[in-house]
Structures are given as C-alpha cells and as structure tokens.
Amino acid sequence: MDKESIYDTTVKQLLSQNLNTEEKTKLYTDWSSTYELNLKQFGYAANSKCSEVLCKYYPANRENIVLLDVGAGTGLLAEELVSKGFKTIDGLDPSPGMLKEAEKKNLYRNVFCSYFTSQPLPFFKQDSFDLLAVVGSFVTGHIPYDAIIEMIRITKPGGIICISNRRSPFYESPDYVDKFFPLCDRLEQEGKWKKKEITTYNGFMENADGIIIVYRVC
C-alpha cells in the first residue's frame, strides 16, 4: 500500500472525531503488522528526536532510570532508548496488536493495555517513574489535554516529562487550542512542575514540524 493510501485509509480515520474508542483501537491493531514499515515510508523521526532530548537530560546513570513510554506502539522509542543505555522501561498503549508486536522485542519490563486519559490509572502509584515520555500521541481524539495532571502524579519529584509530537495539534486542534498550554502554565504557577524547554524541529514526519515539550516535576 502506498503512502497516500495509508494516509487515506488509516491515518485520516484515526484522526477523525467520528470513531469511538473500540473502533480506534481496532484500527491500530489492524495496522500493527505494517506500522513500522509505514512510519519509515513517512520519514517519521519523532522517536529518535525524543531519544536525543532524553539523553541530554540523562547524560549518565541511564541504567538506573525507571521510565514509562506512553503510546508505546510497537516499541520504537524503547528500541532507541535501550540502545542509549536505558534499561527499565514500562510501556502503555491501548492497542493489543501494537503491544503484541512490542513484546516480541523483549524491551519492556511491563506492558499495560490502556488509554491514557485524565483519570487516575489504577495500576500506577503516585511517584512511580523517574521519566515519562510521550511520542506522537497528542493528536485529535487521543490523549486529552488534561492528562498531563495524571502524568505529573505518577512521575517522581525531579523527574522529567518529555513530549515529542507533531506541532500542529497544539495550535490547530480544538482538543488542545487554548487548553493545553494554559493548563501547563497554571500547573507551573501552582508549583507542580517547571518548564525546561519548548522547542520546534523540522521533520517530525515528512514536511511536518515537530515540537519538544519538557517539564521537570516539582
């Protein structure tokens, strides 16, 4: 299947507000066997960019860091991080098919099949992780803007939350415009976390700009 067909039959549907949770999950599962090949066709660079940024914040002792990969998919970010010395990684993704592909790589300590929402996740205690990474999952109909509150809850004080994403949803999607960044600012004013960087980069996927958002939990 060529890139245009993939975009029309899968990506556009996943970004649609017309799908319910079950339909979205099934689409991801159906896509899982060709997902990595298709991302290569699209020139997807978000995982490598996230890995590069995380290595900057953790220049040493990476083997001692406990991290959560949110929207883990088939484990592409985990592959990047393990190659850089990170060892203890949990993965969370709502698609059983994606997680099945990820588990074949033996990279994750644990995997959790769930959506990440604004509601507390019962299997994660407060301050569970040193690091939480989210790649490409802040898109229409996926992770809600206020899920960052739960991300802060399960990340240890001093820990990093890093988002590597397509830039456009934060400035164009009704799910995030006038919601995401104001909440980020409010949480910083409340002393929940502190901004380390918000930077854009070229080549998130083909000609689409990416954005890196990094906060340190207080």
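Reader: Where in the fold is the place of D127?

Author: In this predicted model, D127 has its place in the loop between β3 and β4.

Reader: What makes the phi of D127 worth noting?

Author: The phi of D127 is near 60 degrees, which is a positive value in a residue other than glycine. N61 is a further case, with a positive phi of about 55 degrees although N61 is not a glycine; the place of N61 is in the loop between α4 and β1.

Reader: Why is D127 called partly exposed, rather than buried or exposed?

Author: The relative accessibility of D127 is 32%, and buried requires a value under 20% whereas exposed requires one over 50%.

Reader: What makes L107 count as buried, and where is L107 found?

Author: L107 is found in the loop between α6 (96-103) and β3 (110-113). The relative accessibility of L107 is 15%, a value under the 20% limit, and therefore L107 counts as buried. Beyond neighbours within four places in sequence, L107 is in contact with G75, A78, E79, V82, K87 and I89. As for C55, the separation from L107 is 52 residues in sequence and 18 Å in space, C-alpha to C-alpha.

Reader: Which residues of α6 are buried, and which elements do the buried residues of α6 pack against?

Author: The buried residues of α6 are G97, M98, L99 and A102, and these residues pack against α2 (21-31), α3 (35-41), β2 (88-93) and β3.

Reader: What describes the packing of α2 and α6, and which residues meet there?

Author: Two packed helices are described by the angle between their axes and the distance between the axes. For α2 and α6 the angle is about 35 degrees and the axes are 6 Å apart. At this contact T25, Y28, T29 and W31 in α2 meet P96, G97 and M98 in α6; sorted by residue type, the contact has 4 nonpolar, 3 polar and no charged residues.

Reader: Why is N47 called buried, and which residues is N47 in contact with?

Author: N47 lies in helix α4, and the relative accessible area of N47 is 11%; since buried means a value under 20%, N47 is buried. Apart from neighbours within four places in sequence, N47 is in contact with L76, L77, E80 and V135.

Reader: What is the handedness of the crossing in which α4 passes α5, and which residues meet there?

Author: The crossing of α4 past α5 is right-handed. The axes of α4 (residues 46-57) and α5 (residues 76-83) come within 9 Å and cross at roughly 35 degrees. In this contact N47, S48, C50, S51 and L54 of α4 meet L76, L77, E80 and L81 of α5, and the residues of the contact divide into 5 nonpolar, 3 polar and 1 charged.

Reader: How many residues are in the largest nonpolar core, and why might one expect nonpolar side chains to be found together?

Author: In soluble globular proteins, nonpolar side chains tend to be buried together. The largest nonpolar core here has 32 residues, and those with the most contacts inside it are L68, F116, F138, I148, M151, F170 and F180. The elements giving two or more residues to this core are β1 (66-70), β4 (129-135), α7 (148-154), β5 (155-166), α9 (180-189) and β7 (208-217), and α9 gives the most, with 5 residues. Apart from this core lies another, of 29 residues, which includes L54, F86, Y201 and V214.

Reader: Which residues is L68 in contact with, beyond neighbours within four places in sequence?

Author: The partners of L68 are D90, G91, L92, F116, F124, F129, L131, L132, A133 and I154.

Reader: Which residues does the annotation "domain: Methyltransferase type" cover?

Author: According to the UniProt record, an unreviewed entry, that annotation covers residues 68-163. In the model this span is 24% helix and 30% strand, and its end C-alpha atoms lie 12 Å apart.

How values were computed. Residues are numbered from 1 along each chain as its sequence is written. This is a predicted model: local features need pLDDT of at least 70, side-chain atom pairs count only at pLDDT 80 or more; totals for chains, interfaces and linings use all residues. Side-chain values use heavy atoms; hydrogens and water are left out. Helices (H or I, at least four residues) and strands (E, at least two) are DSSP runs, numbered from the N terminus. Buried means under 20% relative accessible area, exposed over 50%, partly exposed in between (1.4 Å probe, protein chains only). Contact means heavy atoms within 4.5 Å. A nonpolar core is a set of buried Ala, Val, Leu, Ile, Met, Phe, Trp, Tyr and Cys residues joined through side-chain atoms within 4.5 Å. Axes are lines fitted to C-alpha atoms, for helices over the stretch in contact, and angles run from 0 to 180 degrees between N-to-C directions. A crossing is left-handed if the near helix is turned anticlockwise from the far one by less than a right angle, and right-handed if clockwise. Ala, Val, Leu, Ile, Met, Phe, Trp, Tyr, Cys and Pro count as nonpolar, Asp, Glu, Lys and Arg as charged, and the others, Gly among them, as polar. UniProt positions are given in the numbering used here, feature names are shortened, and annotations may be inferred rather than shown by experiment.
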